Amino acid sequence: MKHKLLFVLVGIVLLFGLQCFGQTIDDKQEMREELKKVKPPKPALPFEWSATGGVFSGYDSNVNLSPTKKGDLFQEGMFSAAVTKPLFDGLRLSVNYDFDYINYDQMTDASNMLNHVNLKVSKEISAFDLATGFDFSSFYYPNDENGTFFMYKCFASVRQYLNKRWYHQLRYDAVQKNHTDRKALAETITTYQNKELESRRHVFEYSTGSKLFRDIFANIKARFTINDSNAKFMNYYDYKTYEVTPSISYNITRDLNLYTDFRYARRNYKSRIITTGTDKEKDDLYTTNTELRYKINKNNIISLIYTYRNNASNEPLEEYTENVISAGWQYNF
Amino acid sequence: MKRYLVFLVLVMVVFIPVLLFAQSAKVIDVQGDVKVKMGNAPLWSKLQLSTSLNKDSEIKTGKGGTCTLAFDRKSKNIVTIKENSQVRLDSIIPGDVYLKEGRVFTLVKDLKKGEQFQIKTPAAVAGARGTGWSTSSQGGETTVLSFDDIVYLVTKAAEQNLASGNGVNIDVNGILGEIFPLTDKDREEWQDFINYLNKLVEAINKGSETGGPSLEDLKQEGRDDFGDLRGEMRRQEQEERSNGRNENEEPGGPGTGEVVEPK
C-alpha cells in the first residue's frame, strides 16, 4: 500500500510539477519555432524615399566676389529628393536629385540654376560601408552664357564605423568639368582658343565624424584637389588645393539645431604669376557657415543662415570678402 | 622590412573591423536611475552611456529611469526601456529581449533576410521583421500595442497577427483578450518616442551619407567657379587698360581685341 501511494505521489509530481516552475527551455524553443512559421509582414514599399523643398530670401554683400564690393538682394528656391532601394546580396541603390535656383534682383548675371543627380551603389560589409557611383551637375546662368558649366564625377568611398559614435571615411572623385560657352584661354589673357574651357580634377578626401555628447556631433574633413585645365595662358586653371573643414552640429533643444562649419582652402597655382610681381599666385580662402534651424513640426523647418567668405590672395585682383545672410522655410514631404 | 611591418600594423589598427561591434547592443541613451548586471556579475551597477551589452546582460530601471539600446550599427533596431522595468538580453543578433516587468518601445527597421526581432514576457512572445510596437508586462499580464505594421504574437494558448493601430491584452495563462483600437494617448506616446529617437540618432547620422557632394558643397563649387570667371575678367580688363595706356604712349602699337586661334 505504501509503495502504491508513493508511486501515485511521484506520478503527480512528474505530471504537474514542471508547470509550477514556469516555461521550460523546450517550451521557449517551441515558441520560437512557432514564431518562424507565422508569415512575416510584407514591407509597405520596396524602397525608402524622402523629399524636401524650400524658399529663402537674403542679401549678398559682394555678388561678383570682387575687391570692389557690390551687394544685392536675392531669392532662392530649392528642392531635393532621395530614393533608396535594396537590391540583392546587401547592395543598395540610391538616387538623389537636387535643384537650386538663385535669382538676384539687380545683378542678374549672377542668377543661376543648379541641377544635380547622384547615383550610388553601396554595400555594408561588417563595419564597413562601401560606395561607388556617378554624379552629374549642371550650373546654368540664364543671363551670362560664360558662366554655364557641367560637372561629371565618378566617385568611390569606404567608410569604417569604429564604434557606434565614431566613423572615418576615405573618398576619391574623378571629375570632368566642361564649360558650354566659355572659351579656353590661349597664349595671352585676352585671346582664346577655338574650344571651350575644360578641366580634369582628382579629389582625395578623408573625413571623420563623431557624436561627442548626446546633442553634439562633430566632423572634420581634409581634402586635396589637383585641377588640370586646357587653358594655356600661364596654365591659368592648373592648381593644387589643400582644404580642411571642421564642423559642429548642436541640438540646443529638441526642435532647435545650430550648425556651424569653417573651411580653410589653400590654392597654389602651378604657373599663374601675379599681376604685381613675379611670384606664383597663392590664395587662402576662409569660409564659415552658420545655420540656425527650428523644427516647427515634423514637416516644417525655418532657418536663418549666415555665410562669410574671405579670399586672402597675393594677387590683389583676387582678394575679396563676402557676407551673405538669408532666412527661409523648408518643407519635408 | 620594418617599415612594411609598421605600415601593416597601422592598417590593421585603423581599418580592420571591430568584431565585437556586431555582437553587442550599445547603450545610446541613459536617463535617471538605470542599473545593469552583466553576465555572471552578482551585483547591480549604474549603467553608463555607450556601454556595450552582451548576451545575458540585465537592465533595471527605477522611477524616472529610461534607457535606449541600439542592436545594430546604424541605430535602426532600437529598444527603449521605460521606467520601473527589468529586461534581460537573451540574444543580440537576432534581437531577443526578455521583459520581466515594465514597458519597452521597440522600433525595428533593418533586419537581415530571415531574421526577426522579438520581445518576450512571461505570458507571450511579440515579434516582427520591420515595425514598431510597445510591450508591457505587469503582474504576469502582457499588453502589446502595434503602431507601424503587423506584430505577430505567440502565447501558450494562441497565435495572433496584430495589425497596425491595434492593441491586445494577454493574461497570465497566455489567453488573448479582445483586440482594441489604439487611443489618441497611445499614438501621442508613440509619436513622442519617434521624435525622441529622431533627435537621438540624427546627430550621428548627420553627414553620414557616403559618396556624392551635398547641396552646400555644390553651391560652394558654383561660387568658386563664378569667382574664377570674375577674376579672369578683372585680369583681362586690367590688361586691356594697360595696353590702352601703352598705345597712347607709343603711337602705332597693336590693337587689342579678342583673337580666336584658328583650329
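**Rings, salt bridges and a nonpolar patch**

Colleague: Is D144(A) buried or exposed?
Modeller: D144(A) has a relative accessible area of 11%, and keep in mind that this is a predicted model. The cut-off for buried is under 20%. With 11%, D144(A) therefore counts as buried.

Colleague: Which side chain meets D144(A) in a salt bridge?
Modeller: The N to O distance in that salt bridge is 3.3 Å, and the cut-off is 4 Å. The partner sits in helix α3 (residues 215-249) of chain B, while D144(A) is in the loop between β5 (128-140) and β6 (149-163) of chain A, so the pair joins two chains.

Colleague: How far apart are the closest N and O atoms of E281(A) and R272(A)?
Modeller: E281(A) counts as buried, with 0% relative accessibility. R272(A) is buried as well, at 1%. Their salt bridge has its closest N and O atoms at a distance of 3.2 Å.

Colleague: Which ring face does R272(A) lie over?
Modeller: Besides its salt bridge with E281(A), R272(A) has an aromatic ring to sit on, 3.7 Å from the ring centre. The cut-off for a charge over a ring is 6 Å to the centre. The face belongs to Y236(A).

Colleague: What about R267(A), whose ring does the charged end sit over?
Modeller: The charged end of R267(A) is 3.9 Å from the centre of that ring. The ring belongs to Y239(A).

Colleague: How many salt bridges does the structure hold over all chains?
Modeller: Some of them are linked up in a network whose members include D60(A), K153(A), R171(A) and E322(A). Chain B takes part in that network through R223(B) and D224(B). Over all chains, the number of salt bridges is 37.

Colleague: Over to rings. How many aromatic pairs are there over all chains?
Modeller: Pairs are counted when the ring centres lie within 6.5 Å. One cluster in chain A takes in F79(A), W329(A), Y331(A) and F333(A). The count over all chains is 23.

Colleague: What is the angle between the planes of W190(B) and F193(B)?
Modeller: The two are three residues apart in helix α2 (residues 184-205) of chain B, which means about one helical turn separates them. W190(B) is buried at 8% relative accessible area, and F193(B) is buried at 4%. Their centres are 5.1 Å apart, and the pair is tilted, with the planes at 50°.

Colleague: How much accessible area does the nonpolar patch on the surface have together?
Modeller: Its residues include Y59(A), L73(A), F213(A) and I325(A). β8 (191-213), β10 (239-251) and β13 (300-313) of chain A each supply at least two of the residues. Together, the patch has an accessible area of about 970 Å².

Colleague: Which strand is the place of Y59(A)?
Modeller: Y59(A) belongs to the nonpolar patch. Y59(A) is partly exposed, with a relative accessible area of 38%. Its place, at residues 48-60 of chain A, is strand β1.

Notes:
Residues numbered from 1 in each chain as written. Chains lettered and ligands numbered in written order. Predicted model: local features only at pLDDT ≥ 70, side-chain atom pairs only at ≥ 80, totals over all residues. Heavy atoms only, no water. Phe/Tyr/Trp six-rings, centres within 6.5 Å; stacked < 30°, edge-to-face > 60°. Helix = DSSP H or I, 4+ residues; strand = E, 2+ residues; numbered from the N terminus. Buried < 20%, exposed > 50% of the residue type's maximum accessible area, 1.4 Å probe, protein only. Lys NZ or Arg CZ within 6 Å of the ring centre and 35° of its normal. Patch = residues over 30% accessible without salt bridge, like charges linked within 9 Å, V, L, I, M, F, W, Y side chains within 5 Å. Areas by Shrake-Rupley, 256 points an atom, 1.4 Å probe, with all protein chains shown as cover.
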